[in-house]
Amino acid sequence: MEEKLRALETRYESLEYSLSDPGIYNAPERYREINRELKELAPLIEAYQAWKAAEKTRRETEELLSDPDLKELARDEWESACKKTEKLWDELRFLLMPKDPDDNKNVILEIRSGVGGEESALFAHSLYRMYNMYAQKQGWKFETINANLTELGGVKECGVLIEGAGAYARLKFESGVHRVQRVPETESGGRVHTSAATVAVLPEAEEIELEIDCKDLKIDTFRSSGAGGQHVNKTESAIRITHLPTGLVVECQDERSQYKNRDKAMKVLRSRLLDMEKSKRGAAEAAERKNQVGSGDRSERIRTYNFPQGRVTDHRIGLTLYQIDAVMDGNLDELIDALMTADRAARLADEIK
């Protein structure tokens with residue numbers, strides 16, 4: 001591993017030297033490639049250089065332990081250096097692990113109401129608002145593709161495109177069943193009800209990843225309509241695409257332009273088909289290995305939002321936060337950071353086995 005790190009450090013230094021050549025600015029494509037690779041390598045090289053400094057300190061203080069006069073003074077520094085080198089070595093091991101190629105992709109996020117009738121639909125709308133506010137805090141673009149609303153403003157189902165750096169990396173653990181315990185707006189007796197909504201998070205598929213034969217598509221147009229303030233079109237701009245081999249159906253009626261609706265619907269269809277393909281390929285592996293933060297299966301209950309007690313519990317990592325209002329207002333970083341840390345620990349544990 002250390003040999004590999006030295007080679008990567010040499011590569012990093014070579015790339016930095018390339019940027020000092022004035023001629024590089026005459027080759028903008030190459031200039032961008034070098035900067036991209038430098039950016040990818042930077043965290044690894046910084047950690048490696050920090051490890052080398054800590055390892056040097058550890059060796060130097062270890063030599064002092066044999067000196068009776070300096071032994072006590074050196075012990076604390078030696079123990080501190082040992083802990084630091086061990087921590088940095090784990091960091092390097094993690095940074096060298098293969099990354100999820102989808103992490104920097106945009107996200108297709110789908111929310112569907114589940115058991116619980118109208119209350120489930122209202123909770124699905126609360127989740128829609130939560131992710132919208134979180135996307136705003138991250139500086140991501142949040143664009144509704146399609147929404148099927150109830151008369152009370154609940155969400156039967158909706159699809160959203162979230163565009164931004166690292167969107168999939170941070171949102172991919174949100175897939176699953178979200179359960180809510182609260183007194184519904186429609187409940188006059190003040191009783192707490194339990195209902196649920198399902199969230200699916202898909203990386204946006206690029207055209208080059210999946211070819212779709214036009215012969216496999218049935219495309220229908222219709223007039224967009226719906227409750228909850230959606231615009232009603234007098235022209236047939238809404239699009240429904242059916243993928244005949246799989247039976248998958250995607251609708252988009254958010255835009256007034258038929259072309260834009262078709263483009264968005266194709267993005268969703270392509271992402272769903274790629275997800276199905278990946279699920280089939282990974283079925284055998286998933287049966288053998290299930291990491292600490294869960295399988296991401298949409299049927300798996302991942303989180304409970306208990307309003308009377310003001311708590312949010314993520315069942316995969318046993319984390320409970322007593323700040324439900326903040327979470328519902330899109331302050332998800334504490335939850336998501338904990339899930340990413342648990343995933344990282346699980347992957348490192350697997351690497352050691």
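Q: What makes E6, E7 and E8 a sheet, and in which order do the strands lie?
A: In this predicted model, the three strands form an open sheet in the order E6-E7-E8, with antiparallel pairing. The twist from one strand to the next averages 15 degrees.

Q: Which are the edge strands, and what makes them so?
A: They are strand E6 (217-222) and strand E8 (248-252). Each pairs on one side only.

Q: How do you know that E6 and E7 pair?
A: Pairing takes at least two bridges between the strands. Six bridges join E6 to strand E7 (residues 238-243), so the two count as paired. They run antiparallel. Within this sheet, Leu 217 stands opposite His 243 in E7.

Q: Why is strand E9 called mostly covered?
A: A residue is buried if its relative accessible area is under 20%. In E9 (residues 301-306), five of the six residues are buried.

Q: What are the partners of E9, and in which sense does each pair, parallel or antiparallel?
A: Strand E4 (residues 176-182) pairs with E9 in the parallel sense over five bridges. Val 180 has Tyr 305 in E9 as its bridge partner. Four bridges join E9 to strand E10 (residues 311-314), and these two run antiparallel. Here Arg 303 stands opposite Asp 314 in E10. At least two bridges are needed for a pair, so E9 pairs with E4 and with E10.

Q: What lies between E9 and E10 in their hairpin, and which residue there takes a positive phi?
A: Four residues lie between the strands. Gly 310 takes a positive phi near 65 degrees.

Q: Why is H1 called roughly perpendicular to H3?
A: Helix H1 (residues 2-19) and helix H3 (residues 71-96) pack at an angle of about 70 degrees, with their axes 12 Å apart. The label covers 65 to 115 degrees, so H1 is roughly perpendicular to H3. H1 passes H3 in a left-handed crossing.

Q: Which residues of H1 and H3 meet?
A: Glu 2, Lys 4, Leu 5 and Leu 8 in H1 meet Trp 89, Leu 92 and Leu 96 in H3. Contact here means heavy atoms within 4.5 Å.

Q: How many residues of each class make up that contact of H1 with H3?
A: There are five nonpolar, no polar and two charged residues. Leu and Trp count as nonpolar, Glu and Lys as charged.

Definitions and conventions: Residues numbered from 1 in each chain as written. Predicted model: local features only at pLDDT ≥ 70, side-chain atom pairs only at ≥ 80, totals over all residues. Heavy atoms only, no water. Axes fitted to C-alpha atoms, helices over the stretch in contact; angles between N-to-C directions. Parallel < 35°, antiparallel > 145°, perpendicular 65-115°, else oblique. Left-handed = near helix turned anticlockwise from the far one by under 90°. Buried < 20%, exposed > 50% of the residue type's maximum accessible area, 1.4 Å probe, protein only.
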